[in-house]
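This report describes the fold of one protein chain. The sequence and model come first, followed by the notes.

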Amino acid sequence: FSRDQLLPIAATEFDKDLFVLCLPNSSNPGSVVWFAGEEIDRFENFNEYFLAMIDYNRDEVLALKD
């Protein structure tokens, strides 16, 4: 990827996580990529990314309750 092919959509304040949306001029338009020093995960579209983040947050809340 090059910078002009990606649109940052989220970043963490304390970690090095960065989430980017692949723009139409990229090889995977519409997909979302999670970077944290390296590629961690790739989501087919924003909906899949959003649902995965809901699941990750739900797991965090459950872990805090234990």
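## Overall layout

Among contacts in the chain between residues at least 6 apart in sequence, 12% join residues at least 24 apart; contact means heavy atoms within 4.5 Å. This is a predicted model, in which local features need pLDDT of at least 70 and side-chain atom pairs count only at pLDDT 80 or more, while totals for chains, interfaces and linings use all residues. Residues are numbered from 1 along each chain as its sequence is written, and side-chain values use heavy atoms, with hydrogens and water left out.

The chain contains one helix and four strands, and its elements run β-β-β-β-α from the N terminus on. Helices (H or I, at least four residues) and strands (E, at least two) are DSSP runs, numbered from the N terminus. Along the principal axes, the C-alpha atoms fill a box of roughly 45 × 25 × 15 Å. Of the 66 residues, 24% count as buried; buried means under 20% relative accessible area, exposed over 50%, and partly exposed in between, with a 1.4 Å probe and protein chains only.

The four strands form an open sheet in the order 1-2-3-4, with antiparallel pairing. Its edge strands are strand 1 (6–11) and strand 4 (39–43), each of which pairs on one side only. The twist averages 25° from one strand to the next. Two strands are taken to pair if DSSP finds at least two bridges between them. Strands of a sheet pair through backbone hydrogen bonds, either parallel or antiparallel.

Strand 1 and strand 2 are joined by five bridges and connected by a hairpin of six residues. Within this pair, alanine 10 stands opposite phenylalanine 19 of strand 2. Phenylalanine 19 also has a bridge partner in strand 3, tryptophan 34. Strand 2 and strand 3 run antiparallel and share four bridges. Four bridges also link strand 3 (residues 32–35) to strand 4, where glutamate 39 is the bridge partner of phenylalanine 35.

## The helix on the sheet

Helix 1 (residues 46–65) lies across strand 1, strand 2 (18–22), strand 3 and strand 4, running at about 120° to strand 4. For such angles, axes are lines fitted to C-alpha atoms, for helices over the stretch in contact, and angles run from 0 to 180 degrees between N-to-C directions. Helix 1 has 20 residues and reaches 29 Å from its first C-alpha to its last, close to the 28 Å expected at 1.5 Å a residue; the expected span is 1.5 Å times one less than the number of residues.

Which residues of helix 1 are buried? They are Tyr49, Ala52 and Met53. Seen down the axis of helix 1, the buried residues fall within an arc of 100°, so they line one face of the helix; the arc is that of the directions from the helix axis to the C-beta atoms. Strand 1, strand 2, strand 3 and strand 4 are included in what covers these buried residues. The face turned away from the buried side carries the exposed residues Asn47, Leu51 and Lys65. At the start of helix 1, a side-chain oxygen of asparagine 45 comes to within 3.1 Å of the backbone nitrogen of asparagine 47.

## Serine 26 in its loop

Serine 26 is found in the loop between strand 2 and strand 3. Serine 26 is buried, with a relative accessible area of 9%. Leaving aside neighbours within four places in sequence, serine 26 is in contact with Phe1 and Gln5. The C-alpha atoms of serine 26 and phenylalanine 50 are separated by 21 Å, with the two residues 24 apart along the chain.

A polar atom of the serine 26 side chain lies 2.8 Å from the backbone oxygen of leucine 23. The side chain of serine 26 also reaches the backbone nitrogen of asparagine 28, at 3.3 Å. A polar contact is a pair of N or O atoms within 3.5 Å; within protein, one must be able to donate a hydrogen and the other to accept it, and residues adjacent in sequence count only if both atoms are side-chain atoms.
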